[in-house]
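User: Hi! Could you take me through this model and tell me what stands behind each label you use?

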Amino acid sequence: KAALVYEAIDAYDIYSGVAARADRSLMNVTFFLNDEKLDTAFLDSCTAANISTIKGHRSVGGFRASMYNAMPYESVEVLVEVMHKFGKKYASKA
């Protein structure tokens, strides 16, 4: 599940992962949008797709996708679809 999200992060220059590649978590994927002005639009896209609790910690910011065992694979696919659509719309590479 985490690999799907990391693939989307790495595919578009609009996203930046928080952790170094060697330290990436399989349970909590954290990332930022490189243009903070787009954070609200990204959250709105997530909300429209019924994705909740994606916003990162209030003191750190960014976004966090928690993918514990109970998280269905299909839910991760929905997030990745939103990330791809958002990336294609706002990133400079695809």
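**Labels and their cut-offs**

Analyst: Happy to. D39 is part of helix α2 (residues 39–48). Residues are numbered from 1 along each chain as its sequence is written. This is a predicted model, where local features need pLDDT of at least 70, side-chain atom pairs count only at pLDDT 80 or more, and totals for chains, interfaces and linings use all residues; side-chain values use heavy atoms, with hydrogens and water left out.

User: What makes α2 (residues 39–48) a helix?

Analyst: A helix is a DSSP run of H or I with at least four residues, a strand is a run of E with at least two, and both are numbered from the N terminus. Residues 39–48 form such a helix, α2.

User: What does D39 touch?

Analyst: Leaving out residues up to four places away in sequence, D39 touches L33 and F63. Contact here means heavy atoms within 4.5 Å. D39 and K55 are 16 residues apart in sequence, with 9.2 Å between their C-alpha atoms.

User: Why are α1 and α3 called roughly parallel to each other?

Analyst: The axes of α1 (residues 2–11) and α3 cross at roughly 5 degrees and come within 9 Å. Axes are lines fitted to C-alpha atoms, for helices over the stretch in contact, and angles run from 0 to 180 degrees between N-to-C directions. Angles under 35 degrees count as roughly parallel, over 145 as roughly antiparallel, 65 to 115 as roughly perpendicular and the rest as oblique. The two helices are therefore roughly parallel. In their contact, L4, V5, A8 and I9 of α1 meet α3 residues including Y73, V76 and E77.

User: What makes the largest pocket a pocket, and what is its volume?

Analyst: On a 1 Å grid over the protein atoms alone, a pocket is an open set of points with protein on both sides within 12 Å along at least five of seven lines, and lining residues have an atom within 4 Å of a point. Its volume, about 250 Å³, is the space filled by probe spheres set on points joined across faces, edges and corners. Among its 15 lining residues, the closest to the centre are I51, S52, T53, S66 and M71.

Definitions and conventions: On a 1 Å grid over the protein atoms alone, a cavity is a set of points where a 1.4 Å probe fits but cannot get out, and a pocket is an open set with protein on both sides within 12 Å along at least five of seven lines; lining residues have an atom within 4 Å of a point.
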